[in-house]
Each structure stands twice: as C-alpha cells, then as structure tokens.
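Have the structure open as you read.

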Amino acid sequence: MSIKEIQRDGIKGYLIVGRFKSRTDQSSNPKQKRVFNITLNDAKKIERELIQEAKKAAIHKDEVGLTLKSLVQQWHQRELLTIKTDTPTLKEYLRTIEIYANSIINQPVSRLTEGHLEDIYAEMKSLDKSHSRMRTLRSGLNSVYNWGYRERIIQRHIVCPAKFAKIPKSKPKKEQPMLNRQEITKFIQMARESEHSYYDLWILAFLTGMRSGELHALKWENVDLENNIINICSSYSSKLNIDKTTKNEKLRNFPINSELKSHLLQLKIRTQNSEYVLPRITSWRRGEAAKVTRGFCKAIGIREINFHAIRACWAIQSLEARIEVPKVMRLGGWQGFKSFQHYIRLSGVEIEGVTDNFSLIPPVINETKVLKFNKSID
C-alpha cells in the first residue's frame, strides 16, 4: 500500500501515491498527493483514484509511443512461448511484415491508418507481388493487433490499418489445366513403363486424392488392409521437416477399393520393412514434386500439371463417376463447399441433364404437301 503517514505543523496527514506501470518503458507513472485531516479510509479511496489516473496516463503513453516494430516483437516472442515452436504461418507473417511494412514499422501504432497500408499495397502491386502476398500481410497485421487487444497492450479504439484497407483487385487467374481420363491413363502407363521414381506416389495420389504432405506422412500402421481402410491422420511439413496434423486438423478415413488394394499389396513387398508406405524421395522431401510432375507431363506430350492438380483430377473423376458431392468432399478432406465448387464446375455434373426437357422447336410432320412462301410479301 502506497500510503505514508506524514506530519506538518503538528497536523497528521498522508502522502498517497498511485502507480501503474507502462508497457513501453516499464516506468510506473506515479501520481501522488499530500492530504491532511482525513481518515485512513479516505486516503485509501484517494489512492484508488490516483491509480486510475496513473493508468490512464500509462495507456496514453503506450498508445502514442508504442511502435509497430515493438508490438510485432512482443507478439512474436509471446507466440513462441505459447505454441512452443516457430510455425510456418508465424514465420510467414513475421517475414512478410518485416519486408513489406518496412516504411511504417517505426511508426506509433496509434497513428497508422488504412491509407498507410493502401500505399504499401500499391507499391507491392507495382513490384508485381501477388494478391496472396498482400492477403498474408493483412492477416499478419490483424493477428498482431488482435493479440495486442487481448493483452491490453493497445486499446480497442486504435484500429488496425489492415481492417479497412482495400487490397487492389487481382488479375484474373489462369485456369489450372486438368487431365482427362485418357491423359491420366497415358500418364500412369508411361510412368510405369519408364519405372519412374515417382510412380508409386503418383498412383496413390490419383487413386486417393491425398495431399502431398499426407502421402509423405502415411505409415503402414495407418493402412488397414483387412478392413480396407486408410486412416489419414498426419501430414509432412517440408518447412519444419516434421509430421504434423492434417491441413484442417481433422482425421478422416479413406476406403480401399480393389484397384488400390492390389497396388498397396505390391507396394508393401517393395518397401519391405519401411514404416512409411511410400519411398523417401529426396526431391519430394524438398518440395519439388510439382516441378517433377510438370516435367514428366511435358516429356510424354500431355497438358502440363503440377502435383497438387492430381488431387483436382481425382475430385473431378470421382464426381464424373457419380459419387455424391458431400462424400467426395469428406473423402478428400475439403471442409468448405465454396473451395470445392471449382471442381463441381469443371466436372459439369451440376448442369448435366438440366436442359433435357427444354424444347422450343416443334417436331417435323412428315406430310406430302409443303407450303411455299413468297420471298416478298406485299
């Protein structure tokens, strides 16, 4: 308790001090007052009032003096302590802020507006930076500010510049090429005949639609050949070089059909005592599967796709095989219908047959008499 009894001309009084520590410079911002001829309870009441005054002064000082750089550093340090590891997302946010927000990094957070960020977006666009990179910057700043609000480092009336800043419209995306059934057949046949090192990987990708990281992390303990089920429960991160949870952090089961089972049985013989289903390919671990897949497509003379497009090919072939949309989404691990609509559109299943009963032209009647119209009518 910061209440000290004092005397002045024989009159009893109190020296009352109210403190509240600043987050930016660690000072206590004391507010003090000398009061005589009051009781101790009155002194305690005054102390509470002084603490509130000191608190307001400290908050104001923090908001005016706290720079974006200081806020980002505190956020990064605290997040590392919370999650125990530097995740790829955390690294990406920090790196993007450091590179592209350099012009505002030393500005007080209280003075930053959406205009500052829109200037940065405009500069990024002039440098031909992607729309995705701008969204990453926006998400990173939102994460930093939201953490600051939760920790009461900044007050809610200070608005994150990313909240209302408008990202410039992106250029129309080029349509991702997909392989049709004939091209898939040729792809698999040529990979098998050439004994390509990616053959087993490509086969499982075409038959299951699993993501690259999920295939890399797949172990034999997760493949139940008796009950014909694959338990997809983890995914490999090339950035962290570890197996982690799947993209949506949910487990899912995939049924093994006869074609997939036949290949898995052969693969089990080839992998011998390995705990992993697929061979450990160095270029795959380095994240070069897309490059290898495109190169192979070019070599055999079909449309060039990256590795992730195989997952899209699986989705389209599943829809064309009349597997219901919710089941395809569940098997492939898609959570949101919005992200899956693209595959429905490409497959054409949502419009198939809708015009079968649409007719305007009357049927031709087989009659011997044919009416002839003059070319001109008066």
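How many bridges pair strand β2 with β3, and in which sense? Strand β2 (residues 11-18) pairs with β3 over six bridges, in the antiparallel sense. One spot to look at is V17, which stands opposite Q32 in β3.

Before going on, a word on the source: this is a predicted model, where local features need pLDDT of at least 70, side-chain atom pairs count only at pLDDT 80 or more, and totals for chains, interfaces and linings use all residues. Residues are numbered from 1 along each chain as its sequence is written, and side-chain values use heavy atoms, with hydrogens and water left out.

Strands here are DSSP runs of E with at least two residues, and helices are runs of H or I with at least four, numbered from the N terminus. Two strands pair if DSSP finds at least two bridges between them.

| Open sheet, strand order | Pairing |
|---|---|
| β1-β2-β3, three strands | antiparallel |
| β4-β5-β8, three strands | antiparallel |

In the sheet with order β1-β2-β3, β1 (3-8) and β3 (31-36) each have a single partner strand, so one side of each is left without a neighbour in the sheet.

Two bridges join β4 to β5 (residues 229-232), antiparallel, and D224 stands opposite I229 in β5.

Finally, E183 sits in helix α6 (residues 181-193). E183 counts as buried because its relative accessibility is 14%; buried means under 20% relative accessible area, using a 1.4 Å probe and protein chains only. Leaving aside neighbours within four places in sequence, E183 is in contact with M178, I302 and R303, where contact means heavy atoms within 4.5 Å.

Technical notes: Buried means under 20% relative accessible area, exposed over 50%, partly exposed in between (1.4 Å probe, protein chains only).
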